[in-house]
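Here are my notes on the model you sent. Please read them with the structure open.

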Amino acid sequence: MNNKEYRPTLAQLRTFVTIAENKHFGTAAAKLDISQPSLSQALVALEQGLGVQLIERSTRKVIVTSTGEALLPYAKAALEASDAFLSQARGASGTLNGPLTIGIIPTIAPYILPGLLQSISETYPDLEPRFVEEQTQHLLDKLREGNLDLAIVALPTEAPGMVEIPLYSETFTAVTPAEHPLAGRKDLTLEDLGHLDLLLLDDGHCLRDQVLDLCRRAKVNPSEATNAVTRASSLTTILQLVMGNLGATLVPESALATECQNPRLSVAHFAPSVTAERHVGLVFRSSAARADEFSAFGTLVTAAFHDAAERSRTLFTAS
């Protein structure tokens with residue numbers, strides 16, 4: 001029976017949300033760093049206080065009841081509001097501090113993190129950054145679930161319920177085997193993509209989609225311009241394949257200094273009149289109410305990119 005005087009605790013709500021998201025008591029207990037008996041007790045106390053069943057338990061699986069599904073968004077909103085309250089209190093001076101979980105895609109992380117981490121320690125000494133490197137869709141899912149505070153991704157995502165803050169645009173450079181006919185060129189056109197036998201990252205990587213979009217813009221058939229059989233999950237692996245004369249690829253400017261100094265590789269730049277680039281920015285929940293803080297953080301991300309890009313230009317000048 002519903003107790004009208006009952007008020008759930010944040011710990012109880014977090015227990016319910018974590019169980020509902022993971023559909024497994026053991027996994028939920030591990031994520032909350034509590035024992036399974038404590039997890040079960042918190043859920044029972046919540047259900048008894050509300051007078052409703054939120055979770056169906058069986059020996060094989062965990063099912064969220066229809067009532068639980070209806071109440072889940074409100075529980076998440078309550079937890080988010082609590083986190084925002086604490087963040088606002090901690091950052092009343094306008095300075096980020098405490099834990100901040102940041103998602104970042106694999107084609108950005110290795111190249112800007114060295115500079116970004118140094119800037120964070122200097123600018124926000126009380127901030128405790130935690131980074132999660134995954135593909136864009138996984139990061140957006142984690143944002144929705146409240147497991148990330150913000151993410152650094154290619155824009156636009158067009159994800160509902162999210163705010164996007166553009167940070168910078170980054171040009172692409174072709175990377176070929178040293179003996180390739182286009183090696184060293186500084187006047188590539190998009191039509192030249194049809195002569196590169198492009199190696200692409202696996203499905204799910206936004207860089208793959210961006211390269212395919214460039215092919216379509218140039219009216220180059222992606223199936224003819226790309227090596228559809230050979231794929232990899234990282235730029236580092238792709239470039240090893242390029243060194244083995246299995247094809248060529250497109251690399252973001254910030255990655256050149258880190259990935260492309262092997263003498264078996266050569267870079268070829270697009271002509272200045274050609275637009276071949278990606279747009280990068282921050283994404284966070286519109287309900288987070290932290291736009292000013294995250295915008296300030298974004299300036300550090302932009303600065304870290306420009307530092308990485310400048311190192312690449314110094315080594316591989318397009319002039």
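1. Which residue in β9 does alanine 174 stand opposite? The residue is leucine 250. Bear in mind throughout that this is a predicted model.

2. That pair belongs to a strand pairing. Strand β6 (residues 162–177) and β9 pair in the antiparallel sense, over four bridges.

3. Look next at how β9 (residues 249–252) presents its side chains. Thr249 and Val251 point one way. Leu250 and Pro252 point the other way. All four are buried. In a regular strand, side chains alternate between the two faces of the sheet.

4. β6 also pairs with β11. Nine bridges join these two strands, which run antiparallel. Within β11, valine 280 is the bridge partner of tyrosine 168.

5. β11 has a further antiparallel partner in β5, with five bridges between the two. Here isoleucine 152 is bridged to leucine 282 of β11. β11 is mostly covered, with seven of its nine residues buried.

6. Now the second largest pocket. Its space is about 390 Å³. The lining has 17 residues. Nearest the centre lie Ala154, Leu155, Pro156, Cys206 and Gln210.

7. Which elements give two or more residues to that lining? They are α6 (136–145), β5 (150–155), α7 (206–217) and β11 (277–285). α7 gives the largest share, six residues.

Methods
Residues numbered from 1 in each chain as written. Predicted model: local features only at pLDDT ≥ 70, side-chain atom pairs only at ≥ 80, totals over all residues. Heavy atoms only, no water. 1 Å grid on protein atoms, 1.4 Å probe; cavity = no way out; pocket = protein on both sides within 12 Å on 5 of 7 lines; lining within 4 Å. Points joined across faces, edges and corners; volume = space filled by probe spheres on them. Buried < 20%, exposed > 50% of the residue type's maximum accessible area, 1.4 Å probe, protein only. Pairing = 2+ DSSP bridges.
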